[in-house]
Amino acid sequence: PAPLHDLLCETGALMTTSANHPGKPTATSLQSAIDYFGDAVDFYADAGNVSDRLPSTIIGFNATGGIIVIRDGAVKIS
């Protein structure tokens, strides 16, 4: 994971969409992500097969510091 760590040190936190095209199943392995996106993606991080995991929860913050849930996922926000 050193290349990913190095990237995050340069950019700070990143928020991305799911690894799939709209309406298609989410990629659950490095190979399925490459099959979807090929050379259109500059950097892939291999987390192994993740088919048994819920998608991540994505949150943001509004102007007053309140939490905005962008996508419900594995971590429930109440």
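## The loop between the helices

Ala13 lies in the loop between helix 1 and helix 2, where helices (H or I, at least four residues) and strands (E, at least two) are DSSP runs numbered from the N terminus. Ala13 is exposed, with a relative accessible area of 81%; buried means under 20% relative accessible area, exposed over 50%, and partly exposed in between, with a 1.4 Å probe and protein chains only. The C-alpha atoms of Ala13 and Ile34, which are 21 residues apart along the chain, are separated by 23 Å.

Pro22 is found in the loop between helix 1 (2-11) and helix 2 (30-37), and Pro22 is exposed as well, with a relative accessible area of 80%. Between the C-alpha atoms of Pro22 and Gly66, 44 residues apart along the chain, the separation is 28 Å.

## Basis of the model

This is a predicted model, in which local features need pLDDT of at least 70 and side-chain atom pairs count only at pLDDT 80 or more, while totals for chains, interfaces and linings use all residues. Residues are numbered from 1 along each chain as its sequence is written, and side-chain values use heavy atoms, with hydrogens and water left out.

## Overall arrangement

The secondary structure of the protein comes to two helices and two strands, and from the N terminus on the elements run α-α-β-β. Along its principal axes, the C-alpha trace spans about 40 × 30 × 20 Å.

Of the 78 residues in the protein, 9% are buried. Among contacts (heavy atoms within 4.5 Å) with a separation of 6 or more, 11% are accounted for by residues 24 or more positions apart. The protein exposes about 6200 Å², of which carbon and sulfur atoms supply 59%; accessible areas come from the Shrake-Rupley method with a 1.4 Å probe, and for residues only the protein chains shown count as cover.

## The hairpin

Strand 1 and strand 2 (residues 67-71) pair in the antiparallel sense over four bridges, where two strands pair if DSSP finds at least two bridges between them. The bridge partner of Ile59 in strand 2 is Val69, and that of Gly60 is Ile68. The two strands form a hairpin with five residues between them, and Gly65 in the turn has a positive phi of about 90°.

Strand 1 (residues 58-61) has a covered face, formed by Ile58 and Gly60, and an uncovered one, formed by Ile59 and Phe61. Ile59 and Phe61 also belong to a nonpolar surface patch of about 520 Å², together with Ile67, Val69, Val75 and Ile77. Patches are made of residues with over 30% relative accessible area and no salt bridge, like charges being joined within 9 Å and nonpolar side chains (Val, Leu, Ile, Met, Phe, Trp, Tyr) within 5 Å; a salt bridge is a side-chain nitrogen of Lys or Arg within 4 Å of a carboxyl oxygen of Asp or Glu. Strand 1 and strand 2 each supply at least two residues of this patch, and Ile67 lies in strand 2.

## Thr57 and its contacts

Thr57 is found in the loop between helix 2 and strand 1. Leaving aside its neighbours within four places in sequence, Thr57 is in contact with Arg71, Asp72, Gly73, Ala74, Val75 and Ile77.

The side chain of Thr57 reaches the backbone oxygen of Val75 at 2.5 Å, and a polar atom of the Thr57 side chain lies 3.1 Å from the backbone nitrogen of Gly73.

Note on methods
A polar contact is a pair of N or O atoms within 3.5 Å; within protein, one must be able to donate a hydrogen and the other to accept it, and residues adjacent in sequence count only if both atoms are side-chain atoms.
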